[in-house]
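Me: Please take a close look at one part of this model. I want the ligand site and the sheets described in one connected account.

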Amino acid sequence: MRVAVIGAGVAGLAASRELSKQGIETAVFEAADRVGGRVRTVRENGYVADYGPQQIAPRKMQIERTLLHELPTTGLVKIEKPTHLLQGYRAAAASKMQNSTDRYTYLQGIDQFPKLLAEGLDIRLGVRVDEIKNGTAGYRVLDQDFEAVILTAPLPDIAHLLAARKDRRANLNIVYRSCLSVCVGFAAAPPKVPFYSLLSTDRMTPLIWLGAETEKCPERAPEGHALFVAQYGPEFSEDNFEIEESKLVSTTVQTVSRVFGSEYSNPEWHFVHRWKISQPERVALFDAINPEGERLILAGDGTVAGRIENAFESGHKAAERIAKLIR
Ligand SMILES: Cc1cc2nc3c(=O)[nH]c(=O)nc-3n(C[C@H](O)[C@H](O)[C@H](O)COP(=O)(O)OP(=O)(O)OC[C@H]3O[C@@H](n4cnc5c(N)ncnc54)[C@H](O)[C@@H]3O)c2cc1C
C-alpha cells in the first residue's frame, strides 16, 4: 500500500478516488462505521432528512465533473426552488446573486454522494488512527507501511496525533462552530411556498437555516406529510448544547408554525443531532500549511472553507500533490 488516507468524509474519499484513478494504491482509515463524515441523512418513519449539509453546490470546482459526469446520476436531484431570507418570522426573496449557483441533492438523501464516491475504494471502517509512526517506506499506520499520508479529519480530532510527531501544525488555529440540527415531521400537507429554505441573517431568531424538505426534493416525507429541518446558529448552539431534547423540539416547532402556519404545531416525528464540529469558523489555508514536497498532507474543510465542494477540492489537491511526489 502506498498512501494512507485518514478519514472517509468527502475530502478523504476525493483524495483516495483521485489517487486510485492515477493507479496509486490507497487505504482509507475511518473511525466511524460509515463513510461520509459530516454528510449525513436519517431515514425513519418514511421521512428522509439531511441533518448535516443541505445541498451540494459544485460552483465549477473539481467536484462538478465527478458529481455530474463520473458518478451514476440515478436519484441526483437539481434543487429547483430558491433559498429565501428569514426576516423575523417572515420569508423575503433573496437577491439573484444568492441563488445564482446550481444546487443538488439525492432522492435517497445527500449521503448517497459519499456512498457513491466510496465505491471500489479500500476503506477500513471502524478504525481510528491514533498514531502515525515513522517507517521504512516513510510512515507506519496500524502496522502497515506507507510512502505518504493524507489527514482529512478535522484538526481537533487529530491534533494529538500531530503533536506526538512534534509536527507544529498540531497548533494551527483552525476553529469549528457547533450546530444544533432539528428535523420535524408533520401529518399535514407540505407548505405551498416558492422557496425550499430560509436563510436567517438578521439574528431575530436563533436559527441560521430553516428548510422545507418536501420543497427541496420529492419523496422526503410520506404522501401528504411535511418535513422541516432547522439548524441553529453558533451562539445559540454553543450556549444550549446540552439543552433537553423536548425543549429544543418545542422551540423549533414554535418557529416552524409561526413561519409556515399553525397546521405545523404537533410533530409526529422528530430527530435531533448535536454537532460539536459543524463548519469551520477559522481555517488554515492548504498551501500555507502543506509546503511543496511534504508527504504528510493536511486536507479537509479546515484547510479551505466549510463546504462540501471545498472539502472535495482539498482532497483532490492533496492527491495531486502526492501523486507528483511518488509516481
Ligand atoms: C450542520 C452542518 C451543516 C452544513 N451545511 C452545509 C451546506 O449546506 N453545504 C455545504 O457544502 N457544506 C455544509 N456543511 C459542511 C460540510 O458538511 C463539510 O464541509 C464537509 O462534509 C467536510 O468534509 P471533510 O471530509 O473535510 O470532513 P468530515 O466530513 O468531518 O470527515 C472526516 C472524517 O474523519 C473521521 N475521523 C476523525 N478522526 C479520525 C481518526 N483519528 N481516525 C480515522 N478517522 C477519523 C471522521 O469520522 C470523519 O468521517 C455543513 C456541515 C454541518 C455539520
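Reply: Two strands count as paired if DSSP finds at least two bridges between them. Keep that cut-off in mind for what follows. The model is predicted.

Start with β1, residues 3–6. Four bridges join β1 to β2, and the two run parallel. One of the pairs can be named: V3 has T26 of β2 as its bridge partner. Strands of a sheet pair through backbone hydrogen bonds, either parallel or antiparallel.

Now widen the view. β1 and β2 belong to an open sheet of five strands, ordered β9-β2-β1-β13-β21, with parallel pairing. Its edges are β9 (123–125) and β21 (296–298), each of which pairs on one side only. On average, neighbouring strands here are turned by 15 degrees against each other, direction ignored.

E30 is among the closest residues to the ligand, together with R38, V129, D301 and I308. In the side chain of E30, an N or O atom is 2.6 Å from an oxygen atom of the ligand. R38 places a polar side-chain atom 2.8 Å from a ligand oxygen atom. Q54 uses its backbone instead: an N or O atom there lies 3.3 Å from an oxygen atom of the ligand. The ligand alone exposes 1000 Å², and the protein buries 94% of that area.

Next, the shell as a whole. By class, 16 are nonpolar, twelve polar and seven charged. The largest share, three residues, comes from α9. Domain 1 (1–39 + 112–173 + 283–327) and domain 2 (40–110 + 178–278) each give at least three residues to the shell.

One more sheet for contrast. β10, β11 and β12 form an open sheet in that order, and the pairing is antiparallel. Its edge strands are β10 (133–134) and β12 (144–146), each pairing on one side only. β11, residues 139–141, pairs with β12 over three bridges in the antiparallel sense. Within that pair, Y139 has F146 of β12 as its bridge partner.

Back to the starting point.

Notes: Residues numbered from 1 in each chain as written. Predicted model: local features only at pLDDT ≥ 70, side-chain atom pairs only at ≥ 80, totals over all residues. Heavy atoms only, no water. Near = heavy atom within 4 Å. Polar contact = N/O pair within 3.5 Å; in protein donor to acceptor, adjacent residues only side chain to side chain. Areas by Shrake-Rupley, 256 points an atom, 1.4 Å probe, with all protein chains shown as cover. Nonpolar A, V, L, I, M, F, W, Y, C, P; charged D, E, K, R; others polar. Domains from an automatic or database assignment. Axes fitted to C-alpha atoms, helices over the stretch in contact; angles between N-to-C directions.
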